[in-house]
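This report walks through one protein model for a reader who has not seen it before. The sequence and structure come first, and the description follows.

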Amino acid sequence: MRLVYSLLLVIFLSFESSAQAQPTTLSDEYALTGALIYPAPDEAPIPDGVVIVSHGKIIAVGGKGK
């Protein structure tokens, strides 16, 4: 059993180190998709919604396909 835990630890650490080795770049514009969005307390929620973000600010919110 101890061998299994040691092997799992080695596998985990190898994935951890490989994930850190690859640089991550973030775009200034991106979309968050597939969310249930509550645009305002008095409005109905938007199922399978999309949020468009540009330079750190939300610029559009709507249903998928709009």
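Strands β2 and β3 make a hairpin with 2 residues between them, and His55 in the turn has a positive phi of about 55°. Strands here are DSSP runs of E with at least two residues, helices are runs of H or I with at least four, and both are numbered from the N terminus. Two strands count as paired if DSSP finds at least two bridges between them.

The model is predicted: local features need pLDDT of at least 70, side-chain atom pairs count only at pLDDT 80 or more, and totals for chains, interfaces and linings use all residues. Residues are numbered from 1 along each chain as its sequence is written, and side-chain values use heavy atoms, with hydrogens and water left out.

**Overall layout**

The protein has 1 helix and 3 strands, arranged along the sequence as α-β-β-β. Its average pLDDT (the predictor's confidence in each residue, from 0 to 100) is 75, and 61% of the residues score at least 70. Confidence is highest in β2, at 90, and lowest in helix α1 (residues 2–21), with a mean of 54. Over residues 16–21 pLDDT stays under 50, and the model has 0 contacts beyond four places in sequence for them. A contact means heavy atoms within 4.5 Å.

Of the 66 residues in the protein, 15% are buried. Buried stands for under 20% relative accessible area, exposed for over 50%, and partly exposed for values in between (1.4 Å probe, protein chains only). The protein exposes about 5900 Å², of which carbon and sulfur atoms supply 63%. Those areas come from the Shrake-Rupley method with a 1.4 Å probe; for residues, only the protein chains shown count as cover.

**The sheet**

The 3 strands form an open sheet in the order β1-β2-β3, with antiparallel pairing. Because β1 (29–37) and β3 (57–63) stand at the edges with a single partner strand each, one side of each is left without a neighbour in the sheet. On average, neighbouring strands of this sheet are turned by 25° against each other, direction ignored. These angles use axes that are lines fitted to C-alpha atoms, for helices over the stretch in contact, and run from 0 to 180 degrees between N-to-C directions.

The two pairings are listed here.

| Strand pair | Sense | Bridges |
|---|---|---|
| β1 and β2 | antiparallel | 7 bridges |
| β2 (residues 46–54) and β3 | antiparallel | 6 bridges |

Some bridge partners can be named. Ile37 stands opposite Ile46 in β2. In β3, Ala60 is the bridge partner of Ile52, and Ile58 is that of Val53.

**Two residues in the strands**

Tyr30 lies in strand β1. Its relative accessibility is 42%, so Tyr30 counts as partly exposed. Leaving out residues up to four places away in sequence, Tyr30 touches Val51, Ile52 and Val53. From Tyr30 to Val53 the C-alpha distance is 5.4 Å, although they are 23 residues apart in sequence.

Ser54 belongs to strand β2. With a relative accessible area of 12%, Ser54 is buried. Beyond its neighbours within four places in sequence, Ser54 is in contact with Asp28, Glu29 and Ile59. The side chains of Ser54 and Glu29 are joined by a polar contact of 3.3 Å. A polar contact is a pair of N or O atoms within 3.5 Å; within protein, one must be able to donate a hydrogen and the other to accept it, and residues adjacent in sequence count only if both atoms are side-chain atoms.
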